[in-house]
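Subject: Structure handover

Hello,

Here is the structure I promised you. Please open it next to this email and follow along.

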Amino acid sequence: MTDASQTGRVLVVNAGSSSLKYQLVDVASGEALAKGSVQRIGEDGSTTTHEAGGETHTKEVQVASHGAALDAVVAAFREHGPDLDHADLVAVGHRVVHGGDRFSEPVVVTDEVLAAVEKLEPLAPLHNPANLEGIRVARERFPGLPQVAVFDTAFHHSLPAEAYTYAVPPAWRDDLAVRRYGFHGTSYAYVSRRTAGMLTRPEQDINVVILHLGNGCSAAAVAGGRSIDTSMGLTPLEGLVMGTRSGDIDPGLFAFMVRSGMSVDDVDSALNRESGLKGLTGTNDFREVQELVDAGDADGQLGFEVAAYRLRKYVGAYAVALGRLDALVFTAGVGEHSPQLRSAVCEGLGILGVELDETANTARVSGERQISSARSRVSVLVVPTNEELEIARQAAALVRR
Ligand code: ADP
């Protein structure tokens with residue numbers, strides 16, 4: 001019998017400050033029936049891209065606001081299909097970056113939910129306002145459909161206090177909700193489930209470290225399907241070396257730079273946008289970092305090694321937190337596509353019983369795969385993430401409950 005909570009279609013919306021990405025997902029098959037994006041909202045030369053039925057349609061249009069962007073999306077569906085009016089839509093699923101300590105599950109959006117998410121804006125000033133704007137315009141355009149907010153932080157709600165608590169004054173923690181929240185939770189929820197599927201073991205029985213390595217990067221220790229630690233914190237700045245974010249630094253560095261004459265905003269911006277691989281190598285595109293490494297460029301090599309060393313440290317720490325490591329899983333753009341980085345991470349992890357099969361690691365294949373040797377005590381996997389499908393599934397399950 002088909003589980004009714006896992007049927008129907010969901011329009012998944014991911015609204016950023018100047019872009020709006022979307023997918024029409026068939027929940028039962030997991031297939032994206034159409035996907036696309038509107039780029040450069042509110043700037044000159046906005047573009048829309050719509051992929052459906054094996055064709056890609058790109059258009060230059062003037063899109064001044066998120067409302068206009070959603071109108072352009074509806075127009076693209078009307079022009080190129082599928083027909084949204086007959087798509088068996090059960091919900092619009094929205095990615096919301098920060099759910100604070102209030103949202104541990106997806107929720108159907110109400111005025112009260114909107115107000116609560118708005119209150120969280122100080123915690124995610126770059127993301128939450130845009131996510132909210134996406135919800136507001138979708139409510140207007142699709143008034144008959146439930147709007148479901150799915151939070152990036154929700155999967156980490158299970159973190160124990162010793163993992164989420166910063167050793168800072170009580171007023172910061174009590175009055176300003178300062179704690180580690182963690183991000184990429186939707187990706188972790190998806191990858192954790194798929195990992196159990198690949199290992200043919202129940203999710204509750206396995207302890208895994210998942211490395212989500214895209215432009216933003218984080219690690220998570222997942223015990224029995226529940227996150228017990230993660231590397232991003234109050235904001236996405238903490239943890240691993242990322243495309244443009246520093247990850248872990250001495251917190252004293254912030255005051256040091258301010259006393260050196262920089263403004264607070266400039267330091268914040270430099271740590272978020274000019275640091276990480278970009279700060280070390282000149283580029284945040286991992287393919288270009290690899291080209292630098294291959295060409296023997298010293299900055300490229302240092303950047304690569306700093307990133308790989310940080311990753312090894314986190315895997316080691318999380319293996320200890322988990323007590324037993326069944327799998328180490330790589331996902332997202334860099335994790336899925338860089339055998340060099342996977343190899344550099346795993347090389348130092350022999351002490352944990354990790355051994356790569358280099359042939360499997362470098363094989364030019366995509367999709368879910370095992371890349372550890374038969375002898376390895378830890379399964380090393382590559383699992384392509386699918387955050388849109390996870391949002392669609394969670395939204396459908398919620399509205400059909
Ligand atoms: P986002 O965090 O924006 O969702 P992605 O998960 O798409 O990011 O990952 C983007 C990163 O993946 C970029 O640094 C890009 O260079 C890297 N990447 C994509 N394809 C490859 C590849 N074939 N080899 C190495 N890195 C890749």
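Below is what I found, starting with the whole chain and ending with single residues.

**Ground rules**

This is a predicted model: local features need pLDDT of at least 70, side-chain atom pairs count only at pLDDT 80 or more, and totals for chains, interfaces and linings use all residues. Residues are numbered from 1 along each chain as its sequence is written, and side-chain values use heavy atoms, with hydrogens and water left out.

**The whole protein**

The protein has 15 helices and 14 strands. Helices here are DSSP runs of H or I with at least four residues, strands are runs of E with at least two, and both are numbered from the N terminus.

The C-alpha trace spans about 55 × 55 × 45 Å along its principal axes. The radius of gyration is 21 Å, which agrees with the value near 21 Å for a compact globule of 401 residues. That radius is taken over C-alpha atoms, and the globule rule is 2.2 Å times the number of residues to the power 0.38.

Buried residues make up 51% of the 401. Buried means under 20% relative accessible area, exposed means over 50%, and partly exposed lies in between (1.4 Å probe, protein chains only).

Now the contacts, meaning heavy atoms within 4.5 Å. Of those with a separation of 6 or more, 63% are between residues 24 or more positions apart.

**The eight-stranded sheet**

Eight strands form an open sheet with mixed pairing, in the order β5-β4-β3-β2-β1-β6-β8-β7. β5 (55-60) and β7 (107-108) stand at its edges; each has a single partner strand, so one side of each is left without a neighbour in the sheet. Two strands count as paired if DSSP finds at least two bridges between them. Strands of a sheet pair through backbone hydrogen bonds, either parallel or antiparallel.

β4 and β5 run antiparallel and share six bridges. Thr 49 sits opposite Thr 58 in β5. Two residues lie between the strands of this hairpin, where Gly 53 takes a positive phi near 55 degrees.

On to the next pair. β3 (31-39) and β4 (47-52) are also joined by six bridges and run antiparallel. Here Ser 37 has Thr 49 as its bridge partner in β4.

Val 108 is partnered by Val 148 in β8.

**The six-stranded sheet**

Six strands form another open sheet with mixed pairing, in the order β11-β10-β9-β12-β14-β13. β11 (226-230) and β13 (369-370) are the edge strands, each with a single partner, so one side of each has no neighbour in the sheet. β13 runs antiparallel to β14 (379-382), with two bridges between them. Gln 370 stands opposite Leu 381 in β14.

**Two glycines**

Which of the two is buried and which is exposed?

Gly 8 lies in the segment before β1 (9-15). Gly 8 counts as buried, because its relative accessibility is 7%. Leaving out residues up to four places away in sequence, Gly 8 touches Val 25, Asp 26, Val 27, Asp 88, Val 90 and Arg 400.

Gly 144 is in the loop between α3 (128-141) and β8 (147-151). Gly 144 is exposed, with a relative accessible area of 75%. Its C-alpha is separated by 22 Å from that of Ala 116, 28 residues apart along the chain.

Best wishes
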